Amino acid sequence: MLGMADSNYDFKASTKHEESATEDQTHRLKLDPHGFPLRPQPSDDPLDPLNWNRWLKFWVLFQVSFLAFIGLFSQALINSAFVPLSQSLHISVVEASYQSTVPIVFAGVSPLLWSPIANVYGRRPIFIVVTAIGVIAHAAAGAAQSWGGILAARAFVGVGTSAASGIGAAVVADLYFMHERGSLTNGAHLAAVVGGFTAKYAGWRWCYWLGAIILGASWIINVFCLPETLYHRDQITGQSQQPRTRSWAQLLTFRGVYITRPLNAGDFLHVFAMLTYPSVLLPTLYYALSFGFGSVLFAVTGSAAFGGLYHFDPVGIGLAIGLSTFVGTLLGELLAGLVGDRLLYLYRRAHEGDPKPEARLQAIWPGFILLPVGVIIEGVCFQYRTHWAGPVIGVGIGCFGLQIISTNVYAYVTDCYKPQSAEVSTLLNFARQTFSFTIGFYAIPFAEATTYGIAWGTFAIIHVAFFTGIITLLWKGQKWRQKLGEPSFDRDL
């Protein structure tokens with residue numbers, strides 16, 4: 001067990017890079033199994049996360065991914081229970097959906113604070129403290145007796161479930177080399193299934209209580225088993241910039257980071273400074289729309305659409321939304337990362353080891369096609385009231401496309417600016433949450449004023465239009481990055 005690891009335990013390197021090295025004039029260049037230079041270069045310190053045993057890396061990644069999963073899962077448990085919630089509190093179904101959009105926006109804004117703090121004091125304190133807030137907020141939402149009280153508690157739910165979505169990609173960059181990086185799992189989809197059964201057989205308040213229980217259990221595991229992953233090294237040579245006096249036990253405390261500088265007010269602006277780089281700005285805009293139309297649109301409109309058009313109860317709504325989105329997301333997750341990594345390897349092999357991040361963007365093409373197709377299928381099926389299987393299939397296709405886009409966008413921006421991975425992942429999260437926050441206010445009214453087919457078709461067209469930014473990066477991305485250079489901050493991360 002990690003928490004009982006001896007400080008003298010010998011953890012072997014995870015990717016065979018210890019077996020492959022070449023000498024240049026200034027330092028030893030470590031290579032990957034294909035003979036290409038590792039990016040970033042690891043240090044010789046066994047406490048460097050890049051050198052950890054692959055199973056230890058997986059265990060850390062699993063904890064962070066599960067925290068991201070359970071954060072979104074616990075937020076979305078109530079999504080299939082808008083009808084009984086609205087009846088109990090005497091509000092409309094559209095108003096009931098606001099308790100899902102409120103945590104979305106707070107989950108987007110909060111990491112703007114977590115990112116700079118995590119870059120100075122470490123990732124672990126953020127995960128532990130923020131998740132504790134989430135546990136308390138979930139319990140408060142379950143106990144609240146007024147609609148205003150629920151909304152206030154749900155705002156803090158957004159704050160308390162934002163750690164993994166905000167800095168989770170930074171942990172992936174801490175642990176893995178450029179050719180290994182994946183993405184995080186989206187847990188909001190499966191929540192609709194569990195939430196539907198919970199609301200029907202235990203009452204809608206248990207959608208909040210269950211979130212508190214599961215998130216609390218995850219928090220306990222993190223306290224004892226989630227080590228610090230922030231590490232300072234030279235990005236070119238891999239030379240450690242941390243003292244060798246640390247121990248494995250310290251990584252499981254709040255003293256696992258060598259603090260190289262104080263936290264400054266300007267650090268909180270670094271996230272927005274990244275918008276000046278096209279390789280961050282354009283994928284961020286495209287990803288925000290992809291997440292909004294390929295995930296949140298289905299979640300916040302599902303109760304009104306499936307309940308109103310097909311007269312589904314909470315269980316039926318949960319199954320219609322949850323199973324289709326979960327299957328689509330799972331298939332996309334399994335395929336997207338493998339395809340992206342393979343394309344990057346093939347490009348490096350054909351270009352003498354040049355690790356051009358834009359090679360990953362080629363893997364987005366299937367998502368570019370599938371996501372809007374899925375949105376249109378659901379909208380047209382709603383408009384003509386086809387068999388319920390029609391919109392369910394559309395949702396699954398849309399989510400499959402979204403996961404392809406998500407995985408490769410996160411990997412691309414992290415490959416471009418690894419030292420600033422916390423900032424770019426925070427920015428991606430902020431953009432997607434802020435845009436998604438608005439969907440609950442206009443999607444159903446837009447469909448009622450026109451038709452579902454026209455409304456959903458409009459969303460699909462907007463999404464397709466923003467893909468021009470990705471095409472532009474395929475053409476000019478590398479040239480722009482070389483011209484602008486790298487940001488001046490966080491270069492030792």
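Predicted model: local features only at pLDDT ≥ 70, side-chain atom pairs only at ≥ 80, totals over all residues.
The patch has an area of about 630 Å², and its members are Trp-55, Phe-58, Trp-59, Phe-62, Phe-66 and Ile-221. I ask you to find Trp-59 on the structure; this residue sits in helix H1. Is Trp-59 buried, partly exposed or exposed? With a relative accessible area of 30%, Trp-59 is partly exposed, because that value falls between the limits of 20% and 50%.

Helix H1 is mostly covered, with 17 of its 23 residues buried. From its first C-alpha to its last, H1 reaches 32 Å, close to the 33 Å expected at 1.5 Å a residue. At the start of this helix, a side-chain oxygen of Asn-53 comes to within 2.7 Å of the backbone nitrogen of Trp-55.

His-138 counts as buried because its relative accessibility is 0%. Which residues does His-138 touch, leaving aside those up to four places away in sequence? They are Ser-74, Gln-75, Arg-154, Val-157, Thr-161, Tyr-208, Gly-211, Ala-212 and Leu-215.

Ser-290 lies in helix H12, residues 278-310, and its relative accessible area is 0%, so Ser-290 is buried. A polar atom of the Ser-290 side chain lies 2.8 Å from the backbone oxygen of Tyr-286. Beyond the residues up to four places away in sequence, Ser-290 touches Ser-295, Leu-371, Leu-402, Ile-405 and His-463.

I come now to the salt bridges. How many salt bridges does the model contain? The count comes to 5, and I shall present some of them.

Arg-261 pairs with Asp-267, and their closest N and O atoms are 2.8 Å apart. The two partners can be compared by their accessibility. Arg-261 is partly exposed at 27% relative accessibility, whereas Asp-267 is buried, with a relative accessible area of 5%.

Glu-358 forms a salt bridge with Arg-481, with the closest N and O atoms 2.7 Å apart. This pair links distant parts of the chain, 123 residues apart: Glu-358 is in the loop between helix H13 and helix H14, while Arg-481 is in helix H18. Both Glu-358 and Arg-481 are buried.

Asp-415 and Arg-360 form another salt bridge, and here the closest N and O atoms are 2.4 Å apart. Why can we say that this pair ties together separate parts of the sequence? Asp-415 lies in helix H15 and Arg-360 in the loop between H13 and H14, so the parts joined are 55 residues apart in sequence. Asp-415 is buried, and Arg-360 is buried as well.

Note on methods. Residues numbered from 1 in each chain as written. Heavy atoms only, no water. Patch = residues over 30% accessible without salt bridge, like charges linked within 9 Å, V, L, I, M, F, W, Y side chains within 5 Å. Areas by Shrake-Rupley, 256 points an atom, 1.4 Å probe, with all protein chains shown as cover. Salt bridge = Lys/Arg side-chain N within 4 Å of Asp/Glu carboxyl O. Helix = DSSP H or I, 4+ residues; strand = E, 2+ residues; numbered from the N terminus. Buried < 20%, exposed > 50% of the residue type's maximum accessible area, 1.4 Å probe, protein only. Expected span 1.5 Å × (residues − 1). Polar contact = N/O pair within 3.5 Å; in protein donor to acceptor, adjacent residues only side chain to side chain. Contact = heavy atoms within 4.5 Å.
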